Amino acid sequence: MNVILKFLIFASAFLYLAAADADSEDDVHMIKLTNDNFDDEIKTNNYFIKFYAPWCGHCQKLAPIWSELAEKLNTKSGGKVKIGKVDCTLHNDLCSQHDVTGYPTLKFFKLGAEDSNKYRGGRDFSSLVTFIEEQLGESVFDDENSVDEPPKPVSALVELTEQTFAKHVSLGKHFVKFYAPWCGHCQKLAPVWDELARTFEHDTSVKIAKIDCTQYRPICTEFDVKGYPTLLWIEDGKKIEKYSGSRAHEDLKAYVDKIIGGKADQVEKSETDKENASVVLHLTKGDFDHAIQNGVTCVKFYAPWCGHCKRLAPTWEQLAQKFIGHNVVKIGKVDCTLENNKELCTEQEVNGFPTVFIYKNGEKVSEYNGNRSLDDLYNFVSKHVSLSDKAVDHEEL
């Protein structure tokens, strides 16, 4: 029995050290935080921190992505955020102090803020960068020498999981790649699929997505996926057909155009034309207080470079159109990147983009944190219109 116990202890120690080595071998750019330097470091910059244990399987899977974040952000001169990590097996008191109850726990510490924000999203590179930019209210990869042109979103391709798949495909048209990372044909298709997603990035009639069948096998089985890659056209949650044509970008684009009626080939209006045609109120620091003084006003605070804001934009326009002619309700938006609006966004406690607040007779009454579909937003606004408000309106909501 003593021999077996010694063997188990030795094996555990070996695995622990192996995991620790694997976690640190690519961390040359990582900032390692400890009991001694943690408090001083977070007073110098914004920090996105991974609290982890070397033996944790999920931590080991996240390690290369976290290292890539550190490489890209910690090496930037004058960087807006630092990427760090805390080994909770070595600094247990520090992790307890920050309410770490599972591994990995990811928290954003904004410079000067009293509390940290816990990250709860996907652990892919794009999702992590999007979260960072929402916390900062600006892009982390923009070129400081060309501030006039907002950076493109990190990725137009939607990466689905077991938690997001059903809801994502339940409404609308979707072209989904079911794949396995080890599959050679999948690897060859990957850059083409990314390009296809960028092609239809601003087309609200279709979404381009992918799902890893090695991680989410039940979903792939449900859709009768028997080989990789499998490309399926899905509408309102139902499989319509399997694509079996050429996997060249132009052929894939032609296929999508054909199904959605060629919308992708339509010439987009200029930004000026779009602004002139908009029924959304464009609010500024100068007219904001007057605009929200009477009735119900729902306001979107946004940044033009924000990917989530771009996706919300057409829905927000539709929301405003639903309330055209309404005596009580107004739908507005504020561009927080404009110099004269920055103070306004700070005053209104805007901490990320997009932020949606509703005001009644000049007072902020609620923040919207729900689904960003047109129906959900419409219901959110409608419930803040009282019976007395409706009585003076010519059109029932």
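**Entry 1: the whole chain.** I started with a word I needed: a residue is buried when its relative accessible area is under 20%. This is a predicted model, and of its 397 residues, 42% count as buried. Next I looked up the surface: the protein exposes about 22000 Å², and carbon and sulfur atoms supply 50% of that. Then I looked at contacts with a separation of 6 or more: residues 24 or more positions apart account for 72% of them. For secondary structure I noted 15 helices and 15 strands.

Entry 2: I picked out an open sheet of 5 strands and wrote down its order, E6-E8-E7-E9-E10, with mixed pairing. Which strands are at the edges? They are E6 (158-160) and E10, and each pairs on one side only. From one strand to the next, the twist averages 30°. A reminder to myself: strands of a sheet pair through backbone hydrogen bonds, either parallel or antiparallel.

**Entry 3: the neighbours of E9.** I checked E7 (residues 173-179) against E9 and found them antiparallel, joined by 6 bridges. Phe178 has Thr230 in E9 as its bridge partner. On to the next pair: E9 (residues 230-235) and E10 (residues 238-243) are also antiparallel, over 5 bridges. Here Glu235 stands opposite Lys238 in E10.

**Entry 4: the turn.** How many residues sit between the strands in the hairpin of E9 and E10? I got 2, and Asp236 in this hairpin takes a positive phi near 50°.

**Entry 5: a helix on the sheet.** Last, I looked up helix H7 (residues 184-199), which lies across E7, E8 (207-212) and E9. H7 runs at about 160° to E7.

Notes. Residues are numbered from 1 along each chain as its sequence is written. This is a predicted model: local features need pLDDT of at least 70, side-chain atom pairs count only at pLDDT 80 or more; totals for chains, interfaces and linings use all residues. Side-chain values use heavy atoms; hydrogens and water are left out. Two strands pair if DSSP finds at least two bridges between them. Helices (H or I, at least four residues) and strands (E, at least two) are DSSP runs, numbered from the N terminus. Buried means under 20% relative accessible area, exposed over 50%, partly exposed in between (1.4 Å probe, protein chains only). Contact means heavy atoms within 4.5 Å. Accessible areas come from the Shrake-Rupley method with a 1.4 Å probe; for residues, only the protein chains shown count as cover. Axes are lines fitted to C-alpha atoms, for helices over the stretch in contact, and angles run from 0 to 180 degrees between N-to-C directions.
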